[in-house]
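Please read this briefing alongside the sequence and the coordinates.

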Amino acid sequence: MKKIKYIALFILIILLITGCTTHEIDEDDPMKTYRDIYDGKAKEKYENIEGEARYLASHGYIQNEKQGHNHWYYYAIAEEEKIPMTYENSAFRYLDTYMNEGVIKLSTDIGAVRKFIAPISKDNVLIHGTVKIDEAIDNSEQVKLRILINNELAYPEIDLTRLDTIGKYFSFNKDLKVGDHIDFELTGSNKVFFNPIVDFTNQSIETLYQVPEWGYFGDVHQYYYNDVVNLFHLRDLPGGHWEWYLWQTHDMFRYKEALVYDTTFVKNHYMAYAHIGDLNDYEQYPKGARDATMFFDEEIQRYRYIALSYKENDAANVSTDLSMRVSDDEHGLIWSTPATALRSFPTKSDGEPEVAAFRKIGNRWYLYASISGQSKHGVGKTSYWIGDENKGIDEVEWSSKQTYSLDGEDLAAAQIEWVKDKLYFYGWMPRVWDAGYWGGIMNLPREVIVRENGILGTRLDPMATSLLNKGVIDSFNQNNATVRVGNASIQDQTILMDGKHNRVMIPGTFNATFITYQVKMNEATEASFIMKQAGKEYHVQLKKEGKAWYLKILSPQESSHNLNSYVIYENNNDDIFEVKIIVHGGVIEFFVNDHIALSGRTNMQMDYQAEIYANGNAEFKDVYIHRLAQYYDIYE
């Protein structure tokens, strides 16, 4: 359990207005809001870059109309001759072929070249990138990428089908000398997105799971204002001290410290409330309260105060309520009404409802909290309770409602926040995989959706999926997959398993990956993507127990914590599962059928070998391992 700080009676608390704001979806263009949310496009010209730096293609063309900026050049290929492009109408052009920032429009007879000329000499320079179709043009053709260094082919040719919008990832190392030129040649007929990288630092890993230099994220309170997601939270400081801190993101992935706190958003959106302890009902809860939230309920034109309130609080006997008070006036100045218990947690083993809040979604109110004391980490998973349709908060019998979970134990103290017309789910994953420390690392953007009967789901939204997936590295196919145990047949990208214990592997090692596949559970009750490292295994698993399916993340050989995290899959009639898995070292995020997700922390390091497993008749299709985007190239 998080250490209680009694100075919290005087601490600054985030208070979110969660009224009945309508959030409409543009039916004509359902991706519009996502594009607006994930606005990571660079707006200003890059300064001159020299020396042992990372040279992204975008460093050359953003707000630039001259050849050679940051050592990048632009050519057309016509009749096997390379002709410099000229800058016209916001793009480098030659006849019908052009480069408009990251997009390259190719015509049948005229190709395009991004050329890089090495500014320094260095051994083992990393050259990598993703090539994919940006927008398939009618009657377009296959696209070919050739990478030449000083006119010699430096990497096997890459072919793209005309509809390959996921693309292929390439990576290799070469010794370069000053003046060496790397030609990235594209031919065919289509629109291609291609931003290669020449990295003299040779550091391809720069995680999106940020751990700021000052430490770890504590309980985060989000609010969205002026196209910025703000994360207001406690940060840990040396000596066991904590202080409030504000990070912001304009693009959902890359966070920076807010040097100036903008307070113009206070009215009707956000409040900072000091002396929150003055609202505790000490007659009913003599041991005080913590983790308070206060918001304005537009339906009753009153403020509501929710807190984890203690009836008893000592080592042997912890008894709490999730309690609520309502203001007497619309200004939140008078609070004469006693607190009401929303839900009770009568014993220590029941845990404590931390960072609770209400959220209005559609025509229902939802109450959620992270229940501490229910996991290896102390801080618990996010639980929630569904209000009745078209009823206000006071009309719902919250104590009788079924408890649901939005994730497993490895995503703690999470909150739900509107970002434009979408809901997102933010929490922190433990810093240590098998111990209980408060504070950790932030999850990647996670959309919240409403499913059948008001049940909530979470998913990696389509725009985040596209940005995080940097193209195919490898796949389980008939050319490289091997049956290691059991009985399986492999044809093209389909693997049919029919033994009691089936394992199929591919050669090589992987790190920082985005995995996708479909699995049909014919008679099998368990299917896993397995990562093997240093003699140990780590499983991302679908498993049927009784009539229910579960998502699980396991470390079978780790005796101190072999079941890292799990969550029940609410739709028990499904037998076909579309899977996405993000793996970055010990961090795992597991998504199934675009409506349920599970976060996990393991003891795994970066490099792993890959296998797939089923305990009976099952069919895997299109098991692809892609490169996971990194902080520096998420928008490249």
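This is a predicted model: local features need pLDDT of at least 70, side-chain atom pairs count only at pLDDT 80 or more; totals for chains, interfaces and linings use all residues.

Residues are numbered from 1 along each chain as its sequence is written, and side-chain values use heavy atoms, with hydrogens and water left out. The chain has three helices and 49 strands, where helices (H or I, at least four residues) and strands (E, at least two) are DSSP runs numbered from the N terminus.

**Overall form**
- The radius of gyration, taken over C-alpha atoms, is compared with a globule rule of 2.2 Å times the number of residues to the power 0.38; the chain has 27 Å, close to the 26 Å that the rule gives for 636 residues, so it is as compact as a globular protein of that length.
- Along the principal axes, the C-alpha atoms of the chain fill a box of roughly 85 × 60 × 50 Å.
- Of the 636 residues, 58% count as buried, meaning under 20% relative accessible area with a 1.4 Å probe and protein chains only.

**An open antiparallel sheet**
- Four strands form an open sheet in the order β22-β23-β24-β25, with antiparallel pairing, and two strands are taken to pair if DSSP finds at least two bridges between them.
- Strands β22 (289-297) and β25 (340-345) stand at the edges, each with a single partner strand, so one side of each is left without a neighbour in the sheet.
- Strands β23 (residues 302-313) and β24 (residues 318-326) pair in the antiparallel sense over nine bridges, and Tyr310 has Thr320 in β24 as its bridge partner.

**Nonpolar cores**
- A nonpolar core is a set of buried Ala, Val, Leu, Ile, Met, Phe, Trp, Tyr and Cys residues joined through side-chain atoms within 4.5 Å; the largest has 56 residues, of which Tyr38, Phe253, Tyr384, Leu468 and Ile582 touch the most other members.
- Strand β31 (residues 422-430) gives the largest share of this core, five residues.
- A second, separate core of 42 residues includes Met531, Ile553, Val567 and Ile612.

- Ile495 is found in strand β38 (residues 494-497) and counts as buried at 0% relative accessibility.
- Leaving aside neighbours within four places in sequence, Ile495 is in contact (heavy atoms within 4.5 Å) with residues including Phe476, Val504, Ile612 and Phe620.
- Ile495 and Ile612 are 117 residues apart along the chain, yet their C-alpha atoms are separated by 9.6 Å.

How values were computed. Buried means under 20% relative accessible area, exposed over 50%, partly exposed in between (1.4 Å probe, protein chains only).
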